[in-house]
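Subject: The model we talked about

Hi,

Here is the structure I promised to send over. Have a look at it first, and then read my notes below.

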Amino acid sequence: MITNTELEFKGDLYPSKIVSFEHDVDSVFFNTFNSVVLKITVVRDSLIRFRYTTKGYFSNDFSYAIDKSHSHGYNFLEVTEEAEYYQIQTSKLKCVIQKIDMRVSIYDLNGNVLLEDELGFHWEESYEYGGNIVKMSKASKDGECFYGLGDKATQMNLKGKRLENFATDQYAFQKDQEPLYKVVPFFIGLQNKQAYGIFFDNTFRTFFDFCHERRNVTSFWAEGGEMNYYFIHGPQMEDVVTSYTDLTGKPELPPLWALGYHQCKWSYFPESNVKEITSKFRELKIPCDAIYLDIDYMEGFRCFTWNKEYFPDPKRMVAELAEDGFKTVVIIDPGIKIDKEYAVYKEALEKDYFCKRADGPYMKGKVWPGECNFPDYTNPEVREWWAGLFKELISDIGVKGVWNDMNEPAVMEVPNKTFPMDVRHDYDGNPCSHRKAHNIYGTQMARATYHGVKRFAYPKRPFIITRSAYAGAQRYTSSWTGDNVATWEHLWIANIQVQRMSISGMGFTGSDIGGFAEQPSGELYTRWIQLGVFHPFCRTHSSGDHGDQEPWAFDTEVIDITRKFVNLRYQLLPYLYTMFWQYIEEGIPMLKPLVYYDQSDIQTHYRNDEFIFGNQILVCPILEPNSLGRRMYIPRGQWYNYWTNSLVIGGKEIWVDTKFDEIPVFVKAGAIIPKYPVQQYVGELEFDELTLDLYYKEGKEKSVVYEDAQDGYDYKKGRYSFLTFRVTGKEKELNIQLHKEGKYDTNYSKYKINLIGFPFKVKSIEIDNEEVLFDRVKFEEDNYLIVGKEFNVLHIIGE
Ligand code: MIG
């Protein structure tokens, strides 16, 4: 911990005055008398990169986080020199650099300060390792709020916190515990109702201080590497998050089954136990798409092997599970057992693929298999080799997904829980020590795994899940929040972690439902499932040490409620898939914390529990035992209680009654929510109608529905269906305009439209301006109608 006394430490060095500058296309270089260079690059009008060196020149510019295909290009760039400062102006921003001390201020074009250096860039030389500890401090205004940073187990608004980024196997972590498994050095600041973002792209151990040490100062620093950050202009949080996600990359669509319910435990074995579990799901009619094999499926924990006693014929078993609709996902860890008889070990040794200590010997560490060596996934040749290892598992045996664990990397029985810092890495041709490679090790492993699974799963889509990740990992993999605990507090943590991951570019995330360590009560498990079905990744997992955690480990009531909520998730699959599409297309987070949803309402700035699932469903978990309801904030606008269909006007905190088999769920007025029938697994049923729940609104609302073949890559060639419904409701009528894009023809031919909250009785219906008789549209009980899917305008007229 750095204290105030240390802050006054005279070891800190600062840029002196600027003596020259050069402008080279999109970049401007400022040189100080003491050899500091600041390179400012205009990536886009609203996205500016700042790089500092203290030695007069820059090292090779290389980042694992930045997506090579990110958008760049600006409309306007002008550099001017004044007596006291330089100014860089784009069509969105103005950036002022003081000549005397190189301090930077960023303004919007109305002259509002967006972000201003306090001390600005400074550094401390590191005698022990060479290079610098690089530091940045910014002035913070009263009322400023901070969000983001990945998987932090603390309140949504990070104001007043100091956080640390160093990927760590943090078994049974606690609230506020630092650091955790993932590293996303990206935060969103919100000040004066304007949002901005900072992405500090530095893989060394980094720290962020949000007005914790000093009230009006935000600072961030790294134990090595470069001061290298991107400033992202809002003013809406959506602008910041979508720009950040564009910069660090978006995933491809997962297969739709990956959005189903997954069941996991450490461990299901032997084969008969796996089958017992899967059959029980079908027998109890609780939908489930994936079953996981944890480390015990392997022979002595050797990756890419099978314990033949437990699993005599994996190919047959995987095929039989597939017939019943189950996809098999297997765990693969980074540690390769030191064993001269083990093919994977032998090959990696021969090819020199393992990480080495600074002085030459292989890095050795204990994990599940005993003493292991560890592939250097930062070497592209090693990644290629690793990808190739998946051939048998995927092409031959038919495994559909791979789960990467322990990739922080975790090492047992050593105080720092990971590699020694002197271990060497290739870092894609930029050799470095583990100090620099530690935080991206897990991502590079997941990346290699992704390429392998993708190659051998083709023409189907791959599914990868990882525990450790650095910014940008979303391009390759989903993730879970690691070894949580079966406590109510952890349910609170899971809710925040998944929302936070969502606004940190890495939305395909979930928690171990029910808790990994310890045993949940039936009530806690129920409350967790009720939240978990609204998380992009939905899996029950447990350590297996404290008893079973399948739904039927609890009483009938729990089983019934689990079924009810998992059914709801399966009904909402088209809605969930649509939000995934918006994530991969536009970088829009699938879950939206209330502050993201309505940043100009200050009531949202400190909310934690409520979030928007997709665009139009408001969810709030029950986080306490024996609850008959809870208080919650309803954001501005009109919302229908999903369970009662009663209308609430938002912008206030209210009490919501819920039974044990409900949590507060609200649907935005005007929304059209698409639903599939309940299926026991994705693709089980053929159906001829898409259900559309239409929530009446006096006014306008737009809803979209994305669909495609649910797997494969045809969607990239335009074979998808994208429906836009524009609802306009009036006192006695409602109009739906439908616009269709894409070349995919859905299997169903009709819509069943449920009319919810209509204040009038339907008198007649016009389709494309022609009145239709009620025998052409099935219209019953005044609350739903069935119409052919091809229409442009549907006009519902009341009496
Ligand atoms: O040291 O593979 O977070 O999900 O079940 C424990 C066994 C290793 C940690 C993972 C957990 C997994 C467990 N693993």
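**What I found**

Of the 799 residues of the protein, 64% count as buried, where buried means under 20% relative accessible area with a 1.4 Å probe and protein chains only. Before you go further, please keep in mind that this is a predicted model, in which local features need pLDDT of at least 70 and side-chain atom pairs count only at pLDDT 80 or more, while totals for chains, interfaces and linings use all residues. Residues are numbered from 1 along each chain as its sequence is written, and side-chain values use heavy atoms, with hydrogens and water left out.

**The whole protein**

There are 13 helices and 52 strands in the protein; these are DSSP runs numbered from the N terminus, with helices (H or I) of at least four residues and strands (E) of at least two. The radius of gyration is 27 Å, close to the 28 Å from the globule rule for 799 residues, so the protein is as compact as a globular protein of that length. That radius is taken over C-alpha atoms, and the rule is 2.2 Å times the number of residues to the power 0.38. The C-alpha trace spans about 85 × 70 × 50 Å along its principal axes.

**Helix α4**

Helix α4 covers residues 314-323, and its residues Pro 314, Met 317, Val 318 and Leu 321 are buried. Seen down the axis of α4, the buried residues fall within an arc of 95°, so they line one face of the helix; the arc is that of the directions from the helix axis to the C-beta atoms. Their cover includes α3 (271-284), β20 (290-293) and β21 (327-332). Just after α4, Gly 325 takes a positive phi of about 90°.

Thr 443 sits in helix α8 (residues 434-457) and is buried, with a relative accessible area of 3%. Leaving aside neighbours within four places in sequence, Thr 443 is in contact (heavy atoms within 4.5 Å) with Ser 468, Ala 469, Tyr 470, Ala 473 and Tyr 476.

Ser 721 belongs to strand β45 (residues 721-730) and is buried too, with a relative accessible area of 2%. Not counting residues up to four places away in sequence, Ser 721 touches several residues, among them Val 705, Tyr 706, Lys 740 and Tyr 744. Ser 721 and Asn 404 are 317 residues apart in sequence and 33 Å apart in space, C-alpha to C-alpha.

Best wishes

Note on methods. Buried < 20%, exposed > 50% of the residue type's maximum accessible area, 1.4 Å probe, protein only.
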